[in-house]
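Reader: I'd like to learn how to read a structure like this one. Could you walk me through it?

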Amino acid sequence: MKTKGKTPTVGFVSLGCPKATVDSEHILTRLRAEGYLISGSYQEADLVVVNTCGFIDSAVAESLDAIGEALQENGKVIVTGCLGAKGDVVQQAHPKVLAVTGPHATDEVMEAVHAHLPRLHDPYTDLVPAQGIRLTPKHYAYVKISEGCNHSCTFCIIPSLRGPLVSRPVGEVMLEAEKLIESGVKELLVISQDTSAYGVDVKYRTGFWGGRPLKTRMTELASAMGGLGAWVRLHYVYPYPHVDEVIPLMAEGKILPYLDIPFQHANQRILKLMKRPGNSDNVLARIKQWRETCPDLTLRSTFIVGFPGETEEEFEELLDFVEEAQIDRLGAFAYSPVEGAAANELPDHIPPEVQQERLARLMMLQEEISEERLKRKIGKTITALVDEVDEEGAIARSSADAPEIDGLVYIEDGQDLQVGDLVEVKVTDSDTHDLWAQLAK
C-alpha cells in the first residue's frame, strides 16, 4: 500500500460495453495526466476504480462480484459506471466502498481519487500521449460522439442511467479522431447510445474543425472522418430516414460498408410495445435499396425474442424478416426483465423455456444465413486488418467484422505480417462465422 514519497498508483477494472470502455479511457487519461501510475495488480495499487455495468441482471451480478473482489484484494475501492446510477444498490451490497458515481463521470471520479489518494506534483509524470490512455490495441479505437439517449424503449433503462442525449462538439470529435490516427490507429469505431441522433439536441448546429464549418450531424461527421485515411465503422445506428444518406459514403469507400442497426423485432405490435418504430415492410425495402447502392454492405443487427406477449405467429414473423433481410451478423437475446424497465409491467410474460426455444430457432436460422453468405466470398480478394500474428499465421478482420463481436479472417501465410497491417487477401474457405485466406499475390 501507499508509502510516503511513492508515486500514487491506481488499479482499474473496466466492465460493460464500448461506451463504458471510452469512459474508462477518459478516467485513465486524467489519472496519468495528473501523475498517477496505473497498475494491473490489486496488491501494487493504492486504491482501485471499478467501472461497472448495470444494464441486465447478469451484468449487475458481475459488477457486484468485481467490486467485492477488489474490496477483498485491495480494500480501497471507488465505483463508477451504470450500476452507480441505480440508486443505492452498490452501497447496500458493499457499504465499505469509498465513493460511488454514475456513468460518464470523470470529474466526480477524479474528485474521489483526490480525496482518498492525493497526487504528487511531478511534471514528468504529467506527460501523456496526445491520444490519451486507451484500453484497446494500438491499431483501433472507439470514438464516442455523444452520451445518453432520448428514447424510452420499454425494455431499456439506459436513459435513466446515462441521461438524455448530449452530443459532443463536432470539432472536438474530429480533433480526437485526428490524434488517434496520428498515434497509429487504423480503424475508428464510432459509438454512442444512438449514433444517428448525433446533433439532434443542438439542432444540428454548425461547428468548426480546422477552421472549416462542419455540421453536427452523423452524415457530415462520417464524411469528414472518412477523409482522414483510416477505416471508419458506424455502430448503434438507429433506423432514422437520414441513415440512407451514409450508404453512398460506403459505396464510395469513404467509410466501411458496415451498418450496425438494432431492429429488435419485425412485428409491428411488438415494436409498438417496445416503443420502437415499426414497419418491417418499409425496413425490407430500405435494406434492398441499401444493398443496390452498396452491394458490399454488411448488416449487423440485434433482436429480442420472448418479449412479453409475443405470440408464436409474431415470432415466426421475426424469422421470416431475418430470412428475407439476410442479416449478415446477428445478435439475439431472450427478453430479461431489468429492474426499472417499463416492460416489466406488461402482461403475458413468456416462460423461460419458450424464450430459449425461440432463441435457439432464431440462431439456427442465422447460422444458415451466415454460412451461406460467407461461402459467397470464397475466391474473392478482400482487405483485412491484422489483429494478431503468430507462428501459425495472422488473425485479421475484414470490413465486415467489428472487433470482439463479429467473425475473423485467418491468414494462413501471414506469419511475417505486423499487427495493424492492412493487407489484400484471397479467401480460400469459410464456415459459419469466419473466413480463411492467403495473401493475394
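**Charged pairs and covered parts**

Author: Let's start with R30 and E34, whose side chains meet in a salt bridge at 3.7 Å, N to O. A salt bridge here is a side-chain nitrogen of Lys or Arg within 4 Å of a carboxyl oxygen of Asp or Glu. Some background: this is a predicted model, where local features need pLDDT of at least 70 and side-chain atom pairs count only at pLDDT 80 or more, while totals for chains, interfaces and linings use all residues. Residues are numbered from 1 along each chain as its sequence is written, and side-chain values use heavy atoms, with hydrogens and water left out.

Reader: How many salt bridges does the structure hold?

Author: In general, side chains of opposite charge can pair when their charged atoms come close. This structure holds 22 salt bridges. Some of them link up: E310, E312, E316, E357, R358 and R361 form a network.

Reader: Which parts does the R329 and D401 pair tie together?

Author: The R329 and D401 side chains meet at 2.3 Å, N to O. R329 lies in strand β15 (residues 329-334) and D401 in the loop between β17 (393-398) and β18 (409-411), so the pair ties together parts that are 72 residues apart in sequence. Strands are DSSP runs of E with at least two residues, helices are runs of H or I with at least four, and both are numbered from the N terminus. R329 is buried at 8%, and D401 is buried at 1%.

Reader: What covers the faces of β6?

Author: I can tell you which residues are covered. In β6 (residues 140-144), five of five residues are buried: Y140, Y142 and K144 on one side, A141 and V143 on the other.

Reader: Which strand is joined to β6?

Author: Two strands pair if DSSP finds at least two bridges between them. Five bridges join β6 to β9 (residues 187-191), and the two run parallel. Y142 stands opposite L189 in β9.

Reader: Why is helix α7 largely enclosed?

Author: Seven of the nine residues of α7 (218-226) are buried, so the rest of the structure largely encloses this helix. Among the buried ones are M218, L221 and M225.

Methods
Buried < 20%, exposed > 50% of the residue type's maximum accessible area, 1.4 Å probe, protein only.
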